[in-house]
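Please walk me through this protein.

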Amino acid sequence: MGATSDSAAGAGTGPPAGDGDRRLGRRALLVGGIAAAVGTALLAREELSRSWWRLPGVDKPREAGAVDFRGARWVAASAANYRRADRPADYPVDRVVVHVTQGGYASAVRAFKDPGHGAAAHYIVRRDGRITQLVRELDVAFHAGNREYNERSVGIEHEGFVEDPASFTDALYAASARLAAAICGRYGIPVDREHIIGHAQVPGTDHTDPGRLWDWERYIRLVGAERAKTPPAR
Ligand SMILES: [Zn+2]
């Protein structure tokens with residue numbers, strides 16, 4: 001009761017401090033408005049450059065928390081670390097890029113959720129084989145350090161360190177192979193080293209992952225075996 005009458009009185013009488021707050025609010029609103037207008041203009045230019053030919057309003061419907069790989073756990077990356085798109089309608093997807101996190105799973109998730117990080121992959125495969133999806137395959141994740149490769153690929157991070165052979169467990173290889181096979185099936189990507197590549201193979205990158213200890217022969221063989229279990233993409 002007492003609290004109710006207190007707040008009612010407070011709302012009715014505006015002290016000078018309240019007036020100052022309001023003025024600050026108006027200015028903040030104005031600055032925010034300008035930022036929003038600039039943001040919209042940049043977005044419009046970006047949209048025009050990539051999909052001027054596309055009719056508006058044909059984006060696929062999205063469901064919050066939906067994943068592209070059955071069984072993956074969804075954790076949303078910061079929107080600053082990817083670009084919203086409508087793949088493969090606007091960009092063909094013809095590459096899988098293999099990465100190694102150079103750190104633990106939790107720190108990779110933290111980085112991808114951080115808007116200041118500037119990068120994220122679509123998936124992280126943990127050492128124990130659990131898979132987390134952070135960016136929808138519809139969208140362009142910033143993982144390869146090369147715009148064209150980002151636009152045309154799905155990025156898979158693997159928990160571990162390039163110089164630590166213990167990082168690459170059987171569970172990690174097996175889970176990643178199932179994931180990569182599903183991606184290859186979805187977009188009709190051939191299972192070979194031309195199309196399943198390491199981050200180090202991306203033109204212009206200075207990254208070395210997944211490194212010399214990553215067993216490519218084994219990985220491609222596993223992806224191929226998984227791919228053979230599922231019917232070809234239509
Ligand atoms: Zn990488």
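The protein has 6 helices and 8 strands. Here helices (H or I, at least four residues) and strands (E, at least two) are DSSP runs, numbered from the N terminus. Along the sequence, they follow the pattern α-α-β-β-β-α-β-β-β-α-β-α-β-α. This is a predicted model: local features need pLDDT of at least 70, side-chain atom pairs count only at pLDDT 80 or more, and totals for chains, interfaces and linings use all residues. Residues are numbered from 1 along each chain as its sequence is written.

Start with burial. A residue is buried if 20 or more other C-beta atoms lie within 10 Å of its own, exposed if 12 or fewer, and partly exposed in between, with C-beta atoms placed from the backbone. Of the 234 residues, 31% count as buried. Next come contacts. Two residues are in contact if their C-beta atoms, placed from the backbone, lie within 7 Å. Take the contacts between residues at least 6 apart in sequence: 75% of them join residues at least 24 apart.

Now go inside. In soluble globular proteins, nonpolar side chains tend to be buried together. A nonpolar core is a set of buried Ala, Val, Leu, Ile, Met, Phe, Trp, Tyr and Cys residues joined through C-beta atoms within 7 Å. The largest one here has 42 residues. V96, A120, I156, A180 and V223 have the most contacts inside it. At least two residues of this core come from each of β3 (95–100), α3 (105–113), β4 (123–125), β6 (140–141), β7 (153–158), α5 (170–187) and α6 (216–229). Which element gives the largest share? That is α5, with 9 residues. Leaving out residues up to four places away in sequence, A120 touches A77, N81, Y82, F112, L134, V135, A141, F142 and H143.

Follow α5 itself. This helix has 18 residues and reaches 26 Å from its first C-alpha to its last. That is close to the 26 Å expected at 1.5 Å a residue, where the expected span is 1.5 Å times one less than the number of residues. The buried residues of α5 are L172, Y173, A175, S176, A177, R178, L179, A180, A181, I183 and C184. They pack against β3, β4, β5 (131–133), β7, β8 (196–198) and α6. After α5 comes G188, with a positive phi near 70 degrees.

How do two helices meet? Two packed helices are described by the angle between their axes and the distance between the axes. Axes are lines fitted to C-alpha atoms, for helices over the stretch in contact, and angles run from 0 to 180 degrees between N-to-C directions. α5 and α6 pack at an angle of about 55 degrees, with their axes 8 Å apart. That makes α5 oblique to α6. Angles under 35 degrees count as roughly parallel, over 145 as roughly antiparallel, 65 to 115 as roughly perpendicular and the rest as oblique. The crossing of α5 and α6 is right-handed: a crossing is left-handed if the near helix is turned anticlockwise from the far one by less than a right angle, and right-handed if clockwise. On the α5 side, the contact is made by Y173, A174, A177, R178, A180, A181, C184 and G185. On the α6 side, R218, Y219, L222, V223, E226 and R227 take part.

Turn to the loops. Most residues other than glycine have a negative phi, and most peptide bonds are trans. Look for the exceptions. A cis peptide bond joins R87 and P88, with omega about 0 degrees. P88 sits in the loop between β2 (82–83) and β3. Another cis bond joins D209 and P210, with omega about 10 degrees. P210 lies in the loop between β8 and α6. Q102 is not glycine, yet its phi is positive, near 55 degrees. Q102 lies in the loop between β3 and α3.

Finally, see H195, in the loop between α5 and β8. Is H195 buried or partly exposed? It counts as partly exposed because it has 15 C-beta neighbours inside 10 Å. H195 and D94 are 101 residues apart in sequence, but 6.5 Å apart in space, C-alpha to C-alpha. Apart from neighbours within four places in sequence, H195 is in contact with D94, R95, V96, I189 and P190.
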